[in-house]
Amino acid sequence: MKLGFIGCGNMSTAMICGILKNNIVDKTDITASTATERSLKTAKEKLGINVTLNNKEVAQNADLIVIGVKPHIYADIAKEVKDVVKPNQIIVSIAPAKTLKWLGEQFGEKAKIVRTMPNTPAMVGEAMTAVCFNEYLTENEKQQVCRILESFGKVEIMSENLIDSIISVSGSSPAYVFMFIEAMADAACADGVPRQQAYRLAAQSVLGSAKMILETDMHPAQLKDMVCSPAGTTIEAVRVLEQKGFRSAVIEAMKACNKKSKEM
């Protein structure tokens, strides 16, 4: 299968890294378009794939086309490549708020459309991607798409009405986690821990905690209680987090994220 990426920004690059790392296709079977000569050179040097400044070239030669540009550019891209898109090609969107219906109207009647919401941990093979399909993909084509998405992480097939609602919990959430890790490392650094060690200690703790949820099937509250000894250090930290509105801040941030995604 030949893959094409229209746009080669952070998300497309993360996806390509995961695909190549897991040998889903060869470098020679991936073509990406970029907006400038500078970004073209960067993509070529970093990824070793075929690159071009011509979006139509990507659309003409790929079996599966990922539209990896900002949401406000989608209509322009569709107008540009619509005439060269063939009925058997699969078009994958990674943009919030662009519905299957809207994408179908842009790319033509009976176009095979897939909506996804991946995240940047694709770069290390640990993405979380939500996906939904329109009615024109066969079961075999759906499996092919999922196989590609699973090459750089986990996949959840969801109904389209939920896609925008999960942007804050998977698409955008790595940013919150990075901020949390940075804050923990800053605190450790303030207490004398060398900066790079502080980052490693904080990051591994987050990684291990997430793995416990995924592999033990225990409720997060149960796992939290296991750490909180009576009159101990952890419960004191939890008390302060609750006092400062830790949970409420996360919830409100995520609600704001979802609201913004629906306005785009």
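The lining of the second largest pocket comprises 21 nonpolar, 16 polar and 2 charged residues. Here Ala, Val, Leu, Ile, Met, Phe, Trp, Tyr, Cys and Pro count as nonpolar, Asp, Glu, Lys and Arg as charged, and the others, Gly among them, as polar. The model is predicted: local features need pLDDT of at least 70, side-chain atom pairs count only at pLDDT 80 or more, and totals for chains, interfaces and linings use all residues. Residues are numbered from 1 along each chain as its sequence is written, and side-chain values use heavy atoms, with hydrogens and water left out.

A pocket is an open set of points on a 1 Å grid over the protein atoms alone, where a 1.4 Å probe fits, with protein on both sides within 12 Å along at least five of seven lines; lining residues have an atom within 4 Å of a point. The second largest pocket has 39 lining residues. Asn10, Met11, Gly68, Val69 and Lys70 lie nearest its centre. Two or more lining residues come from each of helices H1 (10-21), H2 (37-47), H8 (167-171) and H9 (173-190). H2 gives the most, with 5 residues.

The chain holds 13 helices and 8 strands. These are DSSP runs, numbered from the N terminus (helices: H or I, at least four residues; strands: E, at least two). The C-alpha trace spans about 70 × 40 × 30 Å along its principal axes. Of the 264 residues, 41% are buried, meaning under 20% relative accessible area with a 1.4 Å probe, protein chains only. Contacts are heavy atoms within 4.5 Å. Among those between residues at least 6 apart in sequence, 60% join residues at least 24 apart.

Conventions. Buried < 20%, exposed > 50% of the residue type's maximum accessible area, 1.4 Å probe, protein only.
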